[in-house]
Amino acid sequence: MTPDQTMPKPTMIEFKEVHKYFGDFHALRGITATIRAGEFFSLLGPSGCGKTTLLRVIAGFEGISKGVVLIDGKDVAEVPANRRPTNMVFQSYAIFPHLSVAENVGFGLRKDRRTAGEKARAVDEALAMVGLVGFGKRAAHALSGGQRQRVALARALILKPKVLLLDEPLSALDKKLRENMQIELIKLQRQVGITFILVTHDQEEALVMSDRIAVMFDGEIAQLDDPETLYRLPKTRAVANFIGTMSFLPAKILSEGGGLLEVECPGFGRLTLDAERQVTGSASPTGATIGFRPETLTLLFDGQQPADRECMATVEEVVYYGDMTYYDVRLDGTNAVARLSMRNVFGRPVLDIGTRTRVAWSPGALVMFR
Amino acid sequence: MKMPVLRLYTIAYLIFLYLPIMILPIFAFNNSTAVAFPLRGFTTQWFGAVWADAELRGALGNSLIVAAATSVLATAFGVFAARASTRYDFPGKGWLMGLIMLPMVLPEMIMAMALLVVLLALGVKLSLFTVILGHVLLCTPFAVAILTSAFQSLDRSLEEAAYDLGEGPFSTFRLVTLPLVAPGIMASMLICFTISIDEFILSNFLKSGEELLSTYIYSKLRFPKYVPNIMALGTILVCVSIALLTLAEFFRRRGVARSGGKDSGGFL
């Protein structure tokens with residue numbers, strides 16, 4: 001079946017003004033959002049931002065102080081965790097150490113009416129789905145971290161939940177394994193079509209895996225968007241800094257009208273921005289700021305001509321990554337350091353600190369926070 | 001070694017601690033009623049005499065009843081207290097846990113007298129039951145200490161996972177919590193059993209006519225002709241105690257390993 005892009009997906013989870021207090025601590029401050037059926041949704045934020053609390057609210061491990069949570073159209077205020085159509089993959093995986101792999105995976109089938117043979121077949125299928133064929137008889141405590149993770153996935157998915165909750169499931173794995181598991185999780189989600197909700201503090205992980213991301217700070221959703229919008233047009237500087245890197249320059253709005261803004265900015269000079277596509281946030285008393293990602297600036301070597309415009313800059317810091325080099329440069333006429341990234345090409349030198357250089361830029365790649 | 005003084009001190013210390021206990025088996029096998037060197041000859045007659053002593057068998061029976069009841073009750077209370085203190089925060093928790101652990105450091109003499117006064121004032125007749133009450137009071141803190149370590153090494157999300165997978169609170173306890181803390185429960189029961197068998201002061205104050213092992217030994221120690229019997233009995237008790245405590249530590253360590261936690265030293 002091919003997903004129909006034109007039809008909006010139905011709502012799976014709806015939060016209406018959800019508040020949660022732990023004593024005096026206001027952990028969730030009026031969360032209002034919807035999560036659609038079948039999407040890979042991420043809750044992203046620094047530790048203590050309330051993302052795990054929100055996940056545990058969905059699972060039913062935490063009650064809420066105020067507001068409404070609907071799962072599949074049903075208010076779940078009175079539904080305990082063991083009767084919700086959700087299953088969870090815990091951060092510690094929570095594999096039962098005294099049971100075998102098959103007993104772990106089949107744990108949730110205890111109240112199932114199927115025969116033992118049918119249950120065993122379901123367990124085998126679930127193990128096959130996560131690539132653990134033939135592991136059923138092993139002792140759970142003898143598994144590696146990656147294998148535990150797979151057992152936890154199989155154990156949750158065997159119950160065919162409407163929503164699978166993942167609490168930082170990859171944080172305990174090393175980098176290589178983590179990257180492989182990210183791809184596997186995406187494939188698995190497409191295969192089963194279940195709504196996945198992932199909690200993570202790793203922005204890269206969220207960008208790679210999610211259909212949509214809710215960025216949370218201090219118990220509030222700062223922005224809820226698809227990864228590309230989130231990266232290209234963050235609503236606040238805090239979101240911009242949390243997801244990737246962004247450099248900032250102060251700006252002054254000269255005139256506004258007809259969907260365009262005339263802006264003056266040291267370093268870049270006078271430029272025109274598209275109000276809808278490039279301007280974000282509500283008017284702030286501290287003044288407007290121009291922001292740009294490292295890959296939107298390019299160093300110009302020797303006779304190279306810019307695609308759009310160019311300016312002069314001084315290299316202040318060089319960070320060499322092998323395939324990439326990051327430069328901190330000071331654009332002429334500014335006090336702020338701007339970061340730019342260059343793909344390393346054979347035969348092209350890595351510049352030294354203090355080098356004067358030409359930098360190509362384009363007004364279309366900038367964003368402005370009002 | 002860099003520190004011969006410390007090493008000598010350690011050896012002297014261990015000799016001082018354990019030499020008296022070594023005396024027990026030596027004289028238990030000595031063919032003389034006098035506890036004195038030189039040894040006369042090897043015999044196992046005292047062990048036979050111990051076995052033949054009907055009064056002693058009665059005392060042993062009473063002690064076993066008391067110890068078994070104490071270990072079960074104290075461990076049951078310990079499970080409740082340990083689970084509550086490791087899982088929940090409630091007002092006055094520190095004070096409450098302190099009160100539960102107090103009998104560990106309180107002079108037994110004071111506990112025994114206080115209990116006796118209260119029981120007599122309430123008009124409760126002294127019996128094996130009152131002895132059990134006293135022993136439970138004494139053993140509960142030990143049970144709590146052992147079981148707290150068992151519950152602490154239990155990952156909280158294991159219970160949540162069982163709940164998430166459709167089990168209720170009781171079946172979660174039965175299917176997940178209990179199997180994982182079972183080694184701790186075994187260890188607690190064994191240690192409470194050992195403490196109860198040894199216990200003299202509380203037993204002496206709270207018993208009525210029937211003798212317990214410890215009070216029986218004390219009452220017979222005054223008669224020289226019983227001394228070798230006591231030596232033989234003492235030897236048996238030392239061996240059984242060591243065996244029980246070893247078994248208890250084995251269960252405790254297995255529990256920690258099974259629930260995947262780090263061994264934080266434990267009780268022994």
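Modeller: Two residues are in contact if their C-beta atoms, placed from the backbone, lie within 7 Å. This is a predicted model, in which local features need pLDDT of at least 70 and side-chain atom pairs count only at pLDDT 80 or more, while totals for chains, interfaces and linings use all residues. Residues are numbered from 1 along each chain as its sequence is written, and chains are lettered from A and ligands numbered from 1 in the order in which they are written.

Biologist: How many residues does the contact take from chain B?

Modeller: Both chains contribute to the contact, and chain A gives 18 residues. From chain B, the number taken is 17 residues.

Biologist: How many helices does chain B have?

Modeller: Helices (H or I, at least four residues) and strands (E, at least two) are DSSP runs, numbered from the N terminus. By that rule chain B has zero strands, and its helices come to 11.

Biologist: Which strands of the chain A sheet stand at the edges?

Modeller: Strands pair if DSSP finds at least two bridges between them, and in chain A four strands form an open, antiparallel sheet in the order E2-E1-E4-E5. Two of these strands each have a single partner strand, so one side of each is left without a neighbour in the sheet, and they are E2 (25-36) and E5 (74-75) of chain A.

Biologist: Which residue in E5(A) is the bridge partner of Ile71(A)?

Modeller: Strand E4 (residues 66-71) of chain A runs antiparallel to E5(A), and two bridges join them. The bridge partner of Ile71(A) in E5(A) is Lys74(A).
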